[in-house]
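This report describes one protein chain, region by region.

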Amino acid sequence: MAEDEKFSQPEEGAQTPSPKRKAKRGWIIGGVVAAVIVVAGAGFWVWHETPSFCNSICHSPMDSYVDTYYSGDKGMLVTAHAEAGNNCLSCHEPVITEQVGEAMKWVADDYPMTADGAKLADGADMASEEFCAKSGCHNMDDVVAATWGFEGNDEKYNPHSSHQDLALECGDCHKAHETSVLMCNQCHDLNMPEGWEAPHAA
């Protein structure tokens, strides 16, 4: 018998895999591939909810915002949120239409930036009482009750129950990714929370 014929012929008594075995093997391979996809997808979803995702994938102008999230700067509202276990998506809820728009800006490299190129120029103005007091976040009655005589000031002072007739929004004082400003000190000389600053003279 020729050498090549010896290798092409199955040995006597050897069994070829049955169609059932081939089908079973196919199901096992398919199951392993599906499990890998599910685990990878779950891992991606968990990463998607972390600040590092925001400037790793498509948000190149998000670097300064992510840096402030991890900075520990007591003057920035983002620090209190980070310490409470909140992440970017706790406030920046993803809306599919916005995400599509952001993807298009990323592809076109057309982010509207501030003059110094450090931040996005069209950041959403989110820090309103309506936004901050939404279900599961802050209860404004509790906030008012907790801030009489804040930071060791006289008990008559409360920035959340001011004589400004609610003309101020939360974001006028509380800055998420910038140093917060105690607007009361435009007229008063009050003790400020750690890291905060007085308003700049106009």
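## The loop between helix 9 and helix 10

Glutamate 151 lies in the loop that runs between helix 9 (140-146) and helix 10 (170-173); helices are DSSP runs of H or I with at least four residues, strands are runs of E with at least two, and both are numbered from the N terminus. The model is a predicted one, in which local features need pLDDT of at least 70, side-chain atom pairs count only at pLDDT 80 or more, and totals for chains, interfaces and linings use all residues. Residues are numbered from 1 along each chain as its sequence is written, and side-chain values use heavy atoms, with hydrogens and water left out.

Glutamate 151 is not a glycine, yet its phi is positive, at about 50°. Most residues other than glycine have a negative phi. Glutamate 151 is partly exposed, with a relative accessible area of 45%; buried means under 20% relative accessible area, exposed means over 50%, and partly exposed lies in between (1.4 Å probe, protein chains only).

Asparagine 158 is also placed in the loop between helix 9 and helix 10. Asparagine 158 is buried, with a relative accessible area of 5%. Its side chain makes a polar contact of 2.8 Å with the side chain of threonine 147; a polar contact is a pair of N or O atoms within 3.5 Å, where within protein one atom must be able to donate a hydrogen and the other to accept it, and residues adjacent in sequence count only if both atoms are side-chain atoms. Leaving aside residues up to four places away in sequence, asparagine 158 touches Val144, Thr147 and Trp148, a contact being heavy atoms within 4.5 Å.

Alanine 145 belongs to helix 9 and counts as exposed at 56% relative accessibility.

## The segment after helix 10

Asparagine 185 is found in the segment after helix 10. This residue is buried, with a relative accessible area of 13%. A polar atom of the asparagine 185 side chain lies 2.9 Å from the backbone nitrogen of leucine 190. Residues up to four places away in sequence not being counted, asparagine 185 touches Leu190, Met192, Ala198 and Pro199.

## Helix 4

Which residues of helix 4 are buried? In this helix, which spans residues 63-71, they are Tyr65, Val66, Thr68 and Tyr69. Seen down the helix axis, these buried residues fall within an arc of 155°, so they line one face of helix 4; the arc is that of the directions from the helix axis to the C-beta atoms. The face turned away from the buried side of helix 4 carries the exposed residues Asp67 and Tyr70. Just after helix 4, glycine 72 adopts a positive phi of about 75°.

## Surface features

Ile28, Val32 and Val36 make a nonpolar surface patch of about 280 Å². Patches consist of residues with over 30% relative accessible area and no salt bridge, with like charges joined within 9 Å and nonpolar side chains (Val, Leu, Ile, Met, Phe, Trp, Tyr) within 5 Å. Valine 36 is placed in helix 2 (residues 19-48) and is exposed, with a relative accessible area of 53%.

The count of salt bridges comes to 1, a salt bridge being a side-chain nitrogen of Lys or Arg within 4 Å of a carboxyl oxygen of Asp or Glu. Glutamate 83 forms a salt bridge with lysine 74, and their closest N and O atoms are 2.9 Å apart. Glutamate 83 counts as exposed at 55% relative accessibility, whereas lysine 74 is partly exposed, with a relative accessible area of 40%.

## The chain as a whole

The secondary structure comes to 10 helices and 0 strands. Of the 202 residues of the chain, 21% count as buried. Among contacts between residues at least 6 apart in sequence, 45% join residues at least 24 apart.

The chain exposes about 14600 Å², and carbon and sulfur atoms supply 57% of this area. Accessible areas come from the Shrake-Rupley method with a 1.4 Å probe; for residues, only the protein chains shown count as cover.
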